[in-house]
Amino acid sequence: MSVRMPAPDPRTLASRARIVAAMRDIVPGEGVIDQFDELAPYESDALTAYAQRPLLVVLPENTAQISAILCWCNEHGVRVVPRGAGTSLSGGALPAQDGIVLGLSRLRRILEIDYDNRIAVVQPGVTNLAVSQAVAARGFYYAPDPSSQIACTIGGNVAENSGGVHCLKYGMTSHNVLGLKVVLMSGEVIELGGKAFDAPGYDLLGLAVGSEGLLGVVSEVTLRLLVKPQAAQAVLLGFAEVESAARCVAEVIAHGIIPAGMEMMDRPAIHAAEDFLGVGYPRDVDALLIVEVDGPQQECSHLMTMVTEIAVRNGASTVRVSGSEDERLRFWAGRKAAFPAIGRISPDYYCIDGTIPRRRLPEMLTRMSGMAARHGLRVANVFHAGDGNLHPLILYDANVPGELERAEAFAADILRTCVAMGGVLTGEHGVGVEKRDLMGEMFNDVDLAHQERIKCVFDPAMLLNPGKVFPNLHRCAELGRMHVHQGMLPFPDIPRF
Amino acid sequence: MAQQQCHAPSTAAEVLEAVAEAVAGRRGLEIRGGGSKRPLRIPAEPAALLDMRAIAGITDYDPDELVLTARAATPLLEIEAALGERQQMLAFEPFDHGPLFGALPGRATLGGIIAGNVSGSRRLSSGAARDHILGFTAVSGRGEELKGGGAVVKNVTGFDLPKLMAGSWGTLAVLISITMRVLPRPRAETTLLFRGLSDQAAGRLMSAALALPAAVSAAAHLPSSRATAWCATTGLRLEGFGPSVDARCRELLRALAPMGVGEAVAAEESGAFWRGMRTLDVVPREGHLLWRISVPPALGWRVGELLASSDVPYVYDWAGGLVWAAVPETAPRDGGAQVDDAQADGARAIGARIHAIARSLGGHAMLVRAPAALRASLPSAARAASDGDQGLRRLHQRLKAAFDPHGILNPGLDLACEL
């Protein structure tokens, strides 16, 4: 692990037995895990390159227990790392050596479904897919659909502001959450938003969504439900050149079409998926687009005609419109299996997440080829083409000394290039520990200090999810005093841990 | 009264300088763009004017990327004209407060729209202003220039400061430049009009319509009223590509037939109906206090029921989630501009009632328009300082202090007291 975390507090490490006892008082029964072997499943999330066994794991059952745990930890200066299903790709749930992991998996009840107001109130441990399943019979669904939706939880989605292939049309998590119950590090429980479309005061709801577990622990979520579209249809479009595919995407948007999904794969990704599943992707193209439209059948037919005309005009060599629901799902199967497909041809892979203005895509892929050669590693690309969100998959072998470090350096080069092109470090996976030290590429010290002061408003002792998102851990008292003159911090060379 | 000192910066550097100077001298600044919403939120404490009107102009518009960047005081009219040329729009359909306060339309600016999180009828289906801001640059009350968010439609890097700016009414930072997500403008629209429904029946109709896969983009109900001449009208708007709008229109009329007979009107009439909601031409102005009440949509009709005895004209937008209520002012006894006690007592009583109604339904209320003298006599707080969520209030105060430790920006405008 090459990322520096806050130094563990020796007093906390020494008082482990006392912390375990206090937690057992709050959460009776099986809810406190302190056996070394049983802690292993919690030592990392889906970014497995980073691992750290926590002090202990606590699995509360309700808001009152969460509140009591946080209150005790706050009083005793114990760090807390909240965790949902542990599917984060940015190390958002990486434990602290001297901290407890607060697992929310036992809060998995759907508390209320209100079809008249088109909302569901759920606990944070409910999986993303379970929400859609619970309301499917009435023709509703919950729109954000991160690829891990079978496993990932709503609490984690809120923390990370998760997206998914359909978020170009239906928005990210933040656009689909109306209310939150949040437990602060002090143990206080606050309610943000609710069933109405807005709330008085500052938009703390907007601030809480995507705050990566740094501001509070979510214990209830009010979600917006949507009506399932009557029909969906997808088309596979193959292009000899990435430039033509990119032009096609731009032209679809220019014609006023916001597809339900618009995904691109490059040649290595197409081949890996085709070798794995044989879904019928063309192998002789440099770029494959999957464009999905949804709505009434008349809308699907109308838009499909427009999209295929645009594709042909831009030189598509393959145009295959799904003729059945089976075929539509087959088109997606290859894309959705892209990660395991890459996993089959490489011992390890590293999934990157950055966003660029869409028009820079051909240039980005060219530069990525250069970087791949320079770092001596292969890369395959899947890409949310509609919104410019890149997911390069870097292939490496962790057993070869130095390859992980090379993969990390390659990833950092890609993300720096994203920012340089007018894009951002992360489109949907979050900063976590993974991109923490790159934050300076996008924000200067003044920008970051304004964000860190928000952290101080919610968690002045900085105990909640420590070491995430911000590259320099300033103490809150220091931030209050810190004045910046002409962009220069006083003593910029002093390490700020 | 002494003449208000005025800064009129024309560059970001000059804004920074004005704020830094105010910080150094511990003097308040009232931030003003077009001034269309000023009567809604007048800073309670003395302040120099920071006139932002010269910080204007679209700086980047890339229709293919669905992104537009403009300086804060760019008039909404200019932005909508530029978007219109490329058949695009701000999907949250912001409205113009100016005419509500007797000003000419068109003074609203992008910065003001964001500062007030002002969203119109399409908020029901497309989200609020806060859902469409992608990034910004600003000068905080610390006298420092900062940026938040980015210039691409998908971004989760760091805390979502753009959302925090939306609805902060200039109390945290002075917005300089704003990047918005824009969307294609629907190529066709129609509105289904249903006549003569009671509030409750209209509420049920709107709920039923939104539970169908018809993608209703806006839903409003204008009840019949003694004070105005209109007959009860419920409008459901469908937008998109022609063949899709036609198909959904037929399907929706058929599915809702048991609840009411609807009539589909052509684009021109549809546009006029929703423009009416956008400028609130449909509620009386002269001699009325205007309240905005936000509740869970299915409970909207209850607001009307609870208000009914007051003979207050009101309309519903957002399928019932937003109620605009025009409360008749009692005429001053002496006929002058002074507010007499009876008037103030009357306004206070109905204000307390409206707040209580909104709260009992899980929502909140805000006084939007009132004569200045009367407004000054009303408590700005929605409830007594001892009620409400104290934890939430403390967070608001600490957040304000983090961005504006000396209380320079819009001094006396305290959002915490509205909780």
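Two residues are taken to be in contact if their C-beta atoms, placed from the backbone, lie within 7 Å. The structure described here is a predicted model, with an ipTM of 0.95 and a pTM of 0.95. For chain B the average pLDDT is 90, and 93% of the residues score at least 70.

Two packed helices are described by the angle between their axes and the distance between the axes. In chain B, helix α6 (residues 199-210) and helix α9 (residues 300-307) have axes that come within 8 Å and cross at roughly 170°. Angles over 145 degrees count as roughly antiparallel, and α6(B) and α9(B) are therefore roughly antiparallel to each other. On the α6(B) side the contact involves B:Asp199, B:Gln200, B:Ala202 and B:Gly203, which meet B:Gly300, B:Trp301, B:Gly304 and B:Glu305 of α9(B). By class, this contact between α6(B) and α9(B) has 4 polar, 2 nonpolar and 2 charged residues.

Chain A contains an open sheet of 4 strands, arranged in the order β1-β2-β4-β3 with mixed pairing. The edges of the sheet are formed by β1 (32-33) and β3 (79-83) of chain A; each has a single partner strand, so one side of each is left without a neighbour in the sheet. Strand β2 (residues 56-58) of chain A runs parallel to strand β4 (residues 99-103) of chain A, and 3 bridges join the two. Within this pairing, A:Val57 has A:Val101 in β4(A) as its bridge partner. Helix α2 (residues 16-26) of chain A packs on the sheet, where it touches β1 and β2 of chain A. The direction of α2 of chain A makes about 10° with that of β2(A).

Notes. Residues are numbered from 1 along each chain as its sequence is written. Chains are lettered from A and ligands numbered from 1 in the order in which they are written. This is a predicted model: local features need pLDDT of at least 70, side-chain atom pairs count only at pLDDT 80 or more; totals for chains, interfaces and linings use all residues. Axes are lines fitted to C-alpha atoms, for helices over the stretch in contact, and angles run from 0 to 180 degrees between N-to-C directions. Angles under 35 degrees count as roughly parallel, over 145 as roughly antiparallel, 65 to 115 as roughly perpendicular and the rest as oblique. Ala, Val, Leu, Ile, Met, Phe, Trp, Tyr, Cys and Pro count as nonpolar, Asp, Glu, Lys and Arg as charged, and the others, Gly among them, as polar. pLDDT is the predictor's confidence in each residue, from 0 to 100. Two strands pair if DSSP finds at least two bridges between them.
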